[in-house]
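Here is a short briefing for a reader new to this structure. Look at the sequence and the model, then read the points below.

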Amino acid sequence: SILSWDMSAWHMAYNASQAALDDKKRQPSAILRQRAQQQYFDLGKKFYLDGLRSNPDSGALWEKLAILERDKFQDHAAAAHAFAEAASKPDARPYERRFAAYELAQIPGRERDAYEKLKALYDEGPTQRYPTLIHDIKVLEEKLGIPADQRIMDAEPGSAH
């Protein structure tokens with residue numbers, strides 16, 4: 001059951017990891033508490049990976065793995081890969097392609113790839129033009145030196161344009 005894998009992973013990576021970090025009574029050393037927290041992150045990831053071995057077409061598990069990679073491991077490459085996998089599954093959610101590109105944009109050396117993916121989403125039309133997508137494109141246009149006549153025209157949210 002996908003829910004079983006997800007709940008097991010969640011409880012390890014989020015609840016147990018936080019409990020380990022907060023347990024000053026049992027473990028007064030901050031370094032050892034952080035090590036225990038990391039072990040629970042790893043255990044949560046293992047549950048997601050085991051769940052995916054049993055359910056390789058589960059976009060939901062791929063998405064949860066992506067969120068874990070992004071939020072707990074700060075591994076943007078792994079998160080981008082997992083979001084892209086989620087986006088390719090039959091139960092894909094519409095935002096997963098964007099999230100994969102957002103994660104790519106955080107990886108030094110992957111700016112061109114991220115820009116191309118974000119720009120392709122932008123070119124799909126207004127339903128993809130979320131403020132984060134527009135912001136990330138504008139940042140990448142600057143980094144990549146995209147000529148002014150090839151840049152998107154949308155104003156930043158909250159700007160005077």
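**Aromatic cluster and overview**

Four residues, Phe83, Tyr95, Phe99 and Tyr102, come together as one aromatic cluster. The model is predicted. Its secondary structure comes to seven helices and zero strands. The notes below start with the rings, then turn to the helices and the cores.

**Overall build**

- From the N terminus on, the elements run α-α-α-α-α-α-α.
- The C-alpha trace spans about 60 × 40 × 30 Å along its principal axes.
- The protein has 161 residues, and buried ones make up 34% of them.
- Take the contacts with a separation of 6 or more: 51% of them come from residues 24 or more positions apart.

**Ring pairs**

- A pair of aromatic rings is described by the distance of the centres and the angle of the planes.
- The protein has six aromatic pairs.
- Phe83 and Phe99 form an edge-to-face pair, with 5.4 Å centre to centre and 85° between the planes. The label edge-to-face applies because planes over 60 degrees apart count that way.
- This pair links distant parts of the chain: Phe83 sits in helix H4 (residues 76-87), and Phe99 sits in helix H5 (residues 96-104).
- Phe83 and Phe99 are 16 residues apart in sequence, and their C-alpha atoms are 6.4 Å apart in space.
- Phe99 has a relative accessible area of 24%, so it is partly exposed.
- Tyr95 and Phe99 form a tilted pair, with 5.1 Å centre to centre and 45° between the planes.
- Tyr95 counts as partly exposed because its relative accessibility is 24%.

**What surrounds Phe83**

- Leave out residues up to four places away in sequence, and Phe83 touches Glu63, Ala66, Ile67, Arg70, Glu96, Phe99, Ala100 and Glu103.
- Among these, Glu63 and Ala66 are buried residues of H3.

**Charges over rings**

- Lys45 lies over the face of Phe73, at 5.1 Å from the ring centre.
- Arg129 lies over the face of Tyr122, at 4.0 Å from the ring centre.

**Helix H3**

- Helix H3 covers residues 59-71. At 1.5 Å a residue, its 13 residues should span 18 Å; the end C-alpha atoms are 18 Å apart, so the two values agree.
- The buried residues in H3 are Gly59, Leu61, Trp62, Glu63, Leu65, Ala66, Leu68 and Glu69.
- What covers these buried residues includes helix H1 (2-22), helix H2 (30-54), H4 and H5.

**Helix H6**

- Helix H6 covers residues 111-123. Its 13 residues should span 18 Å at 1.5 Å a residue, and its end C-alpha atoms are 18 Å apart, which agrees.
- Which residues of H6 are buried? They are Glu111, Ala114, Tyr115, Leu118, Leu121 and Tyr122.
- An α-helix has 3.6 residues a turn, so residues three or four places apart point the same way.
- The buried residues of H6 pack against H5 and helix H7 (131-144).

**Nonpolar cores**

- The largest nonpolar core has 17 residues. Those with the most contacts inside it are Leu118, Tyr122, Leu133, Ile137 and Leu140.
- H5, H6 and H7 each supply at least two residues of this core.
- Which helix gives the most to this core? H6 does, with five residues.
- Ile137 touches Tyr115, Leu118, Lys119, Tyr122 and Ile152, not counting residues up to four places away in sequence.
- A second, separate core has 14 residues, including Leu52, Trp62, Ala82 and Ala86.

Methods. Residues are numbered from 1 along each chain as its sequence is written. This is a predicted model: local features need pLDDT of at least 70, side-chain atom pairs count only at pLDDT 80 or more; totals for chains, interfaces and linings use all residues. Side-chain values use heavy atoms; hydrogens and water are left out. Rings of Phe, Tyr and Trp (its six-membered ring) pair if their centres lie within 6.5 Å; planes under 30 degrees apart count as stacked, over 60 as edge-to-face and the rest as tilted. Helices (H or I, at least four residues) and strands (E, at least two) are DSSP runs, numbered from the N terminus. Buried means under 20% relative accessible area, exposed over 50%, partly exposed in between (1.4 Å probe, protein chains only). A charge sits over a ring if NZ of Lys or CZ of Arg is within 6 Å of the ring centre and within 35 degrees of the ring normal. The expected span of a helix is 1.5 Å times one less than its number of residues. Contact means heavy atoms within 4.5 Å. A nonpolar core is a set of buried Ala, Val, Leu, Ile, Met, Phe, Trp, Tyr and Cys residues joined through side-chain atoms within 4.5 Å.
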